[in-house]
Amino acid sequence: MIRCWILLVGLFLGATLSVEAQTKAHNAFVQKYCLDCHSESDPDGDIVLSGSPIDWQSPESVVTWETVHHMLDTQEMPPGDEPQPTAEERQSMLEWLGTQLTEHGKIGGNMPRRLNREEYENTIRDLFHNPDFAVSNAFPADDSAHGFDNVSQGLVLSPPLLAQYLELATQIADDILPPDTGPAVAKPQEYAIAADEITEDTGAGAAFANDRFRLASSLNMANAAAWPARFEAAQSGVYRLSITATPFQTDKMYYQKREAPLQLEVYARRNAEQVYDTFEQLRSLARFEVDPEQEIPQSFTCEVTLFKNEIFGLRWADGPAYSDGPVRVYSKTFLADRLTKNRRFYAAMLKLEGGRRGIAQSEYYEEMNALMAGDDLDLKDPRLDTLPEVWGGGLSDAPHNWIKAYVLEEMHRHGPAFDVLSASIRGPMSLVEDDESRARQARTARFLGYRPQAMTDHEYTETVLRRFLPKAFRRPVDEATLQEYVNLAIQGSERLEDGLHLAVRRALVSPLFLYRSLRPGLLDAPDLTSRLSYFLTSAPPETSEVPAETLEQETKRLLESERSVNFVRSFTGQWLGTRMLKDIMPDPRLLRFYDPDRRAMIAETELFFTEMLRENHPLKDFIDPDFSYRSSNLNKIYGDDVQGHEMQRVTFERGGKHGGVLGMASVMMATANGVDTQPILRGVWLLENILGSPTPPPPGDIPAIAPDTSGARSMREQLNAHRADASCASCHNRIDPLGMALENFDPVGRWRDHYPVYTKPADGAEVLKEEFYANKEAGTRRGPAIDASGQLPDGTRLESVIDLKRYLVENMDLFTKCLTEKLLVYATGRPLSFGDRRVVEQIVHQLDPDHHGLRDLIFAIVKSESFRTK
């Protein structure tokens, strides 16, 4: 027995001495290879180390040594210009750190996870059957952490945000259980509307007289009508509307003087909405005939029904500047009239091409008249013998807008037009029930449910809350919690609905509603069901819990549901940066770029990702696919000849410059600034989002590279000068070759072989064609040729993005690992621990990127221990 104890003590002491020896050895490693740059006295970057024993109980310390492990494993540290450890020393350090981190960097996290804005909105919509619910623009935005806005570190509950939640809880409860204010009573008011209180958006409005608003356009779009700027219906009801108007005609009109009555129509629309709807999509309220021969102002009165927040509008329905049928553009017959009847007008229009950028309608009219009166027109131009092949429309710089600008200005000055002198409206004289009221009553009835006649208030309250609270908290509610809410409702007010109102408000600010997965360790069935639902739909689960054995089946169901579009939009918007496109406006010297083009870029990305998900294409197709989605809006980007504005699937050969996440215009635009390309930004983005090897932030004293738009120095020359600094070289040797491989893509993702130079061209210098660089004035010339070549740290030579795509296809584990990490962070709402990264490695090892697809990857994530742990 004594011998056994001696043996055990000896083993213990030996193990202790061995651990101490290992600790000393690895402390010596840190002293020798790390502390020159990362000591507490002279830190270089964010990593600060010391020779003191490591505090493995500190989460911050664990994260620091996870970073050290990663840097050593990828051989990013020590830098190449510093003394290097032997292979044995590096491997020994990695094994020791791996052992320690496996013990202390366990799977999962501890921070509570609040609903983000999108999840909150979707949860309220589902809980109260209110599909139109949305928080206001003043609601605080969610901060992103680790690339996503659903990660716990960014979801801090600040006092201002809590105040917003309290206010929203009251508003939501008011909607579902409105206070008893007695029968609704009409509160009529009189509104006098002067001519200068009327607005429209299609041409000058009342610019020519203070006492009248002049309507010239009969375009079939709501913004061509005259709408009051300071009135909207305060209540849904019947109003009495009076209008005073008169035709405007002169002897200088191009069009014949009207003899038939002018048609004045009255419409309703929701204020600040439906601005671009056709009149067929609006509610028609009344129609009047205005006598063109009568010189004195004419008055018209009618009773109209307006719903709450609606306004009325006045449209001249039968003017000469009209649309054909239910479309939003002017008739080609109207547009062609001037071109076929006046050759000088056509020649002046082609010469002026819409005028200077930003020119006013009145200025364009004057310059056109000056050209037509002069001798500087080419009346033999063969283009004058045929009508334009492309008319344009909307915001395009084309004949559609050139002609209508001149004609509308002429009609404002000389007629024919319609003058609105004043309007007044009184009401509501009586109330009417609107769609919003009916929908609110239906929500209330659905929330309260059926009440048998014999049921007491206490029983009814308990029935309502027993049904509501499990849905609100997304898990079964114990009897003690239920009775607490029941007592609150019963004791809180004499009126049953007011008591329930209080209970609903309290529930909506409870941590059980605002937060998910409050319990540590492995998730129970309700929390696991919630995690899966919010992961794949950004919305609450439709059932309280899914048995573990049917989790894969539920995953498949959610992926195939309509609500999976939330996952596609949210994940791609953050991983690939398409959310940022709304804040980027390309330089007008690059091209004419409009919102439909931006929407088409985003749609291409989301439709591509959706097909990858739906069809389970091999993961390598993210890098080098043979398909994408395009529309005519993207022809200017890709050089296609796609017809129509609807997105459609297109195919092409693999191995090209376009296609996949490295050839999408949306990604190239998100990683630029709209004016010039930024290889460093693109390189950092690739390391973070494609290769899964993010770089530390640069030291604060290192200046950024300013683009040289004069063409004096190439981007490569600027990067070389930047990289000459030894403190920059270690990171930029990884960043720059990747960023430069994408340099042939301009700031909106078009392929180019030369940089543009934004200066007046020297004699003989080649000016870029208008269809490529859309500048009005000469000033964009072809600059230096682009050299996109580079060499990766492992010696791989890249000549362009085509080589980079080939490199990634040959090393797909790099991308697969990165995508797995991104999906797991997004799914769990937490940064990955060392244990989680080991799970990622296991998943990547299981998948063959030549055969397994995105669905397979998501199934593997859902079945992983990391997904099932808080």
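Residues are numbered from 1 along each chain as its sequence is written, and side-chain values use heavy atoms, with hydrogens and water left out. Because the model is predicted, local features need pLDDT of at least 70 and side-chain atom pairs count only at pLDDT 80 or more, whereas totals for chains, interfaces and linings use all residues.

Cavities were defined on a 1 Å grid over the protein atoms alone, as sets of points where a 1.4 Å probe fits but cannot get out; grid points are joined across faces, edges and corners, and a volume is the space filled by probe spheres set on the points. By this rule, seven cavities of 30 Å³ or more are found. The second largest cavity holds about 90 Å³ of space, and its lining, made up of residues with an atom within 4 Å of a point, consists of F473, R474, R475, L512, Y515, R516, S517, L518, R519, D527 and S530. Two or more residues of this lining come from each of β12 (515–516) and α16 (525–537), where helices (H or I, at least four residues) and strands (E, at least two) are DSSP runs numbered from the N terminus. By class, the lining has four nonpolar, two polar and five charged residues, with Ala, Val, Leu, Ile, Met, Phe, Trp, Tyr, Cys and Pro counted as nonpolar, Asp, Glu, Lys and Arg as charged, and the others, Gly among them, as polar.

In the whole structure, 61 salt bridges are found, each being a side-chain nitrogen of Lys or Arg within 4 Å of a carboxyl oxygen of Asp or Glu. One of them joins the side chains of D175 and R443, at 2.9 Å from N to O; D175 lies in helix α6 (residues 159–176) and R443 in helix α11 (residues 435–448), so the pair ties together parts that are 268 residues apart in sequence. Accessibility is classed as buried under 20% relative accessible area, exposed over 50% and partly exposed in between (1.4 Å probe, protein chains only). D175 is buried at 18%, and R443 is buried at 11%.

A further salt bridge links R343 and D385, whose closest N and O atoms are 3.1 Å apart. Since R343 belongs to helix α8 (residues 343–352) and D385 to the loop between α9 (361–373) and α10 (399–414), this pair ties together parts that are 42 residues apart in sequence. R343 is partly exposed at 35%, while D385 is exposed at 55%.

Terms used: On a 1 Å grid over the protein atoms alone, a cavity is a set of points where a 1.4 Å probe fits but cannot get out, and a pocket is an open set with protein on both sides within 12 Å along at least five of seven lines; lining residues have an atom within 4 Å of a point.
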